[in-house]
Amino acid sequence: MSDTTQTPPVHPAWLPDAAFAPLGSRRVLVVTGPDAGPVGATVVDEVRRAVTTHGGTLTVADLASADDHDLVLRVAPDGPDTGFTRLRTGGVTVVVAGDATGLLHGLHDVVRAGEAAFGADHPPVVSRPLAPVRMLDHWDNIDVHPVMGQVERGYAGGSIFYADGRVREDLSRVAAYARMLGSVGINAVAINNVNVHATEARLLTDGLADVARVADVFRPHGVRTYLSVSFGSPMRLGGLATNDPLDPDVQAWWAATADRVWATIPDFGGFVVKADSEGQPGPFAYGRDHADGANLLARAVAPHGGTVFWRAFVYNHEQDWRDRRTDRARAAYDHFAPLDGRFDDNVVLQVKYGPLDFQVREPVSPVIAAVPRTRVAVELQVTQEYTGHQKHVCYLGPLWSDVLGFPLAENATRTVASIASGAPGPGTPEDADLRAGGITAVSNVGDDEFWTGHPLAQANLYAYGRLAWDPAADPVALLDEWIGLTFPGADPRVRETLHGLMDRSWLTYEAYTAPLGVCFMVDPLRGHYGPNVDGYEYSKWGTYHFADRDGIGVDRTVATGTGYTGQYPAPWRDVYEDLATCPDELLLFFHHVPYGHVLHSGTTVIQHVYDTRADAVELVESWVPRWEALRGLVDDRLHARVAERLTEQVRSATEWRDQVRTYFFRKSGVPDASGRPIY
Ligand code: GCW
């Protein structure tokens with residue numbers, strides 16, 4: 001993790017030079033205007049690099065005629081205020097944006113379109129991001145944590161930001177990363193772990209000059225820098241006697257601290273805060289609530305235009321498993337729904353997409369619809385904590401697409417994405433409070449030569465950025481887009497194989513792991529990797545499946561269970577409450593049922609568990625020879641890395657299959673009708 005380990009060639013991800021050939025072989029005119037700033041310079045640099053490689057020409061002008069050019073990239077006052085417009089007229093492709101950031105996004109739209117951007121004339125097509133903030137959060141530590149390593153839940157090596165106990169001198173990896181993020185429209189990044197340890201806490205004070213260096217690297221790509229901060233900072237860093245949000249000295253400390261931050265980094269974004277969660281300090285210790293806590297920071301950053309992303313991941317992580325009345329899934333709603341309307345305008349409540357914790361299958365969190373007078377950001381997890389640690393192929397675009405497109409609001413009037421983006425949906429009342437929060441996710445990147453450990457996990461980073469821009473995009477089309485850019489000009493067999501392995505890989509992962517929305521069953525001792533069906537069953541973490549000899553699942557109904565279904569707006573509270581309408585894939589999240597319960601699919605719970613696990617492993621086994629057949633058709637190092645990971649995926653999936661099938665058989669005594677082996 002020292003700077004000297006950055007020597008192996010870093011994979012270009014979806015930005016190889018060859019992907020720029022259609023643009024780079026043409027005559028390009030860039031009109032950035034007088035106030036282009038660092039992002040305008042990036043646009044010029046990108047085009048220069050492309051035309052130098054591919055033989056085209058670049059003209060940079062303040063005012064110029066489009067004649068004699070194939071592509072015009074232009075900042076103009078009549079361009080859209082965010083995003084860009086692309087059209088083709090008289091054989092010239094024109095991208096118009098209201099500012100340089102929009103132009104950068106438009107440039108990459110041309111790269112993605114490739115030759116198609118230079119086809120027939122067409123009228124203007126506007127592309128605007130739905131959510132104003134599209135963020136990636138890094139759970140990176142400066143110091144290597146004894147249990148979590150340097151990057152908490154990181155599966156791609158060490159941090160690209162930190163080495164040897166400080167911010168890296170050489171930030172070239174960060175620059176390459178910033179370029180990747182800017183190319184897909186990500187515009188915000190939080191650079192340190194929400195679990196803020198001692199050294200990292202100081203980024204806010206002593207470390208500011210280094211944070212400013214990082215911000216300098218992100219800025220030219222249209223990305224603003226944020227920090228995760230500890231609610232305990234006044235005591236920890238300021239030597240105060242309390243962190244009480246109502247204490248004037250505490251308020252003054254935060255205000256002075258924020259003043260220094262913005263004096264150092266004038267376009268700094270703001271703070272991300274995990275408070276009263278899994279041991280992090282928070283307002284509860286002072287008898288205050290989370291509106292008091294969030295508003296404390298919000299008032300300190302408000303004069304600078306800063307935003308506080310306050311996480312809703314608050315629950316009792318010291319639960320007694322014997323206590324059947326407490327339901328962790330309820331916790332965020334119970335804490336935050338009563339606070340709706342009390343948060344300052346520059347607070348965004350950052351809510352994980354599901355009520356538990358980034359599981360392979362969870363219902364959408366009801367909190368997202370429960371706070372209409374609060375700005376909400378939905379939080380996704382690109383890093384594969386519960387989805388195979390970037391050892392398993394698991395393309396998550398379809399999961400996020402389902403989440404973002406879910407019509408959660410009362411009477412299905414708005415999707416999760418529209419709530420997070422402040423956009424109305426069909427049937428939204430005219431007087432609705434439309435306030436945008438944003439879309440955010442935990443990054444999957446480290447200092448690994450392929451960025452993401454598993455090279456195919458790059459597709460998740462790509463798809464996250466593209467979906468954050470356009471949540472309605474087809475995730476399978478985005479997969480093909482990623483394949484086309486990352487493997488430009490590849491043999492059709494490469495594209496077909498990658499598509500075939502990846503498009504349903506999330507459902508495949510689900511099919512050999514925890515069934516029917518029951519969640520967890522992962523190994524606590526291996527950081528949530530691999531099967532351990534009862535691994536969390538008698539733990540303090542509040543994530544249980546309650547299997548006994550008769551049945552399995554968590555009764556979260558209002559009628560007989562924890563009442564969690566009552567947290568949903570109509571129609572979802574009724575859909576989930578009733579066995580007759582609860583979707584199969586979420587059955588065990590909401591209900592405790594006998595093993596012989598018949599699913600809507602027509603098969604019993606137990607036979608479904610047996611069949612799907614066995615079928616999924618057969619499918620994963622078939623991927624190995626398919627990948628092997630690509631040897632020589634893709635880069636050798638990449639081929640070898642994927643091959644190595646597929647071997648591990650087969651081994652791990654087999655272990656999942658055998659443990660889950662055997663567990664269900666031993667609990668129920670019901671044989672597998674297919675006769676496949678059980679141990
Ligand atoms: O899923 C859990 C992870 C923790 C993480 C926490 C959170 C950063 O296991 O590692 O802590 O969620 O989201 O805060």
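**Exercise 1. Describe the area buried between domain 1 and domain 2.**

Solution. Start with the total: about 1,200 Å² is buried between domain 1 and domain 2, and carbon and sulfur atoms give 58% of this area. Buried area here is the accessible area (1.4 Å probe) that two parts lose on being put together, summed over both. Next, find the bounds: domain 1 is 17-127 and domain 2 is 134-486, as set by an automatic or database domain assignment.

Before going on, note that this is a predicted model, where local features need pLDDT of at least 70, side-chain atom pairs count only at pLDDT 80 or more, and totals for chains, interfaces and linings use all residues. Residues are numbered from 1 along each chain as its sequence is written, and side-chain values use heavy atoms, leaving out hydrogens and water.

**Exercise 2. Find which residues form the salt bridge between domain 1 and domain 2.**

Solution. First, recall the rule: a side-chain nitrogen of Lys or Arg must lie within 4 Å of a carboxyl oxygen of Asp or Glu. Then look at Glu46 and Arg179, whose closest N and O atoms are 2.5 Å apart. The count between the two domains is one salt bridge. Finally, see which elements of domain 1 give two or more residues to the side touching domain 2: helix H2 (37-54) and H3. H3 gives the most, with six residues. Helices are DSSP runs (H or I, at least four residues), and strands are too (E, at least two), numbered from the N terminus.

**Exercise 3. Write down the strand order of the six-stranded open sheet.**

Solution. Reading across, the order is E2-E1-E3-E5-E4-E6, with mixed pairing. Two strands pair if DSSP finds at least two bridges between them.
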